[in-house]
Amino acid sequence: MSAKLPKHGAVLFAKDLPRVARFYSELLGMVQTVTETRLIVLESDSFQLVIHGIPKAVADRLDITTPPQRRVDLPTKLVFPVPSLAQARADAVALGGQVDAPSAEFKARGFVACDGFDPEGNVVQFREAAL
């Protein structure tokens with residue numbers, strides 16, 4: 001990756017940094033550029049996702065179930081483009097998350113979108129170009 005700043009970025013807090021980083025890295029084809037004890041940075045040509053560890057006192061109170069419960073009460077939802085919702089749906093399950101069923105997909109402004117969640121229950125929206 002070059003030293004230039006990505007066009008867009010987000011910070012996500014996680015209890016299990018490696019697991020959450022693997023989910024986004026493998027599902028979205030992002031490259032891990034920084035690995036520290038409490039921080040992992042994933043990048044693509046246009047986006048940087050910084051995954052920070054949740055402070056231990058908070059993490060100790062968090063129970064991540066299997067499968068994880070959706071965190072629907074958060075004020076933010078990450079949105080990521082994918083080449084194929086069907087492929088993302090298959091890959092997400094193998095990585096500990098989920099993309100909702102095709103019946104939950106919707107079209108808007110030139111894309112088809114579907115919500116899902118990562119291994120810790122953070123709600124994420126995935127979008128593919130509409131044909």
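Start by selecting Tyr 24. Setting aside residues up to four places away in sequence, Tyr 24 touches Leu 12, Gly 29, Met 30, Leu 42, Leu 49, Leu 78, Phe 80, Asp 118 and Val 124. Keep in mind that this is a predicted model.

**The core**

Stay on Tyr 24 and widen the view. The largest nonpolar core holds 28 residues. Tyr 24, Leu 49, Phe 80 and Phe 126 touch the most other members of that core. Colour the elements that give this core two or more residues: strand 1, helix 1 (17–28), strand 3 (39–43), strand 4 (47–53), strand 5, helix 3 (85–94), strand 8 (111–117) and strand 9 (123–129). Now highlight helix 1, which supplies the largest share of the core, 7 residues. In soluble globular proteins, nonpolar side chains tend to be buried together.

**Leu 78**

Next, pick Leu 78, one of the residues that Tyr 24 touches. Leu 78 sits in strand 5. Is Leu 78 buried or exposed? Leu 78 counts as buried, because its relative accessibility is 13% and the cut-off for buried is under 20%. Show what surrounds Leu 78. Apart from neighbours within four places in sequence, Leu 78 is in contact with Ala 10, Leu 12, Tyr 24, Leu 49, Val 123, Val 124 and Gln 125. Then draw a distance from Leu 78 to Glu 26. The two are 52 residues apart in sequence, and their C-alpha atoms are 16 Å apart in space.

**The largest pocket**

Rolling a probe the size of a water molecule over the atoms shows where empty space is left. The largest pocket contains about 320 Å³ of space. Its lining has 15 residues, and those closest to the pocket centre are Leu 12, Phe 13, Arg 71, Leu 74 and Asn 122. Which strand gives the most to the lining? Select strand 1 (residues 8–14), which gives the most, with 4 residues. Colour the lining by residue class: 11 are nonpolar, 2 are polar and 2 are charged.

**Arg 71**

Zoom in on Arg 71, one of the residues closest to the pocket centre. Arg 71 lies in the loop between helix 2 (56–59) and strand 5 (78–81). Arg 71 counts as buried because its relative accessibility is 17%. Look for its partner. The side chains of Arg 71 and Asn 122 are joined by a polar contact of 3.2 Å. Beyond residues up to four places away in sequence, Arg 71 touches Leu 62, Ile 64, Glu 120, Gly 121, Asn 122 and Val 123.

Show the backbone here. Thr 66 and Pro 67 are joined by a cis peptide bond, with omega about -5 degrees.

**Out to the exposed residues**

Go to Arg 109, in the loop between strand 7 (106–108) and strand 8. For Arg 109, phi is near 40 degrees, a positive value in a residue other than glycine. Arg 109 is exposed, with a relative accessible area of 71%.

Finish at Val 93 in helix 3. Val 93 is exposed too, with a relative accessible area of 55%.

Methods:
Residues are numbered from 1 along each chain as its sequence is written. This is a predicted model: local features need pLDDT of at least 70, side-chain atom pairs count only at pLDDT 80 or more; totals for chains, interfaces and linings use all residues. Side-chain values use heavy atoms; hydrogens and water are left out. Buried means under 20% relative accessible area, exposed over 50%, partly exposed in between (1.4 Å probe, protein chains only). A polar contact is a pair of N or O atoms within 3.5 Å; within protein, one must be able to donate a hydrogen and the other to accept it, and residues adjacent in sequence count only if both atoms are side-chain atoms. Contact means heavy atoms within 4.5 Å. On a 1 Å grid over the protein atoms alone, a cavity is a set of points where a 1.4 Å probe fits but cannot get out, and a pocket is an open set with protein on both sides within 12 Å along at least five of seven lines; lining residues have an atom within 4 Å of a point. Grid points are joined across faces, edges and corners, and a volume is the space filled by probe spheres set on the points. Ala, Val, Leu, Ile, Met, Phe, Trp, Tyr, Cys and Pro count as nonpolar, Asp, Glu, Lys and Arg as charged, and the others, Gly among them, as polar. A nonpolar core is a set of buried Ala, Val, Leu, Ile, Met, Phe, Trp, Tyr and Cys residues joined through side-chain atoms within 4.5 Å.
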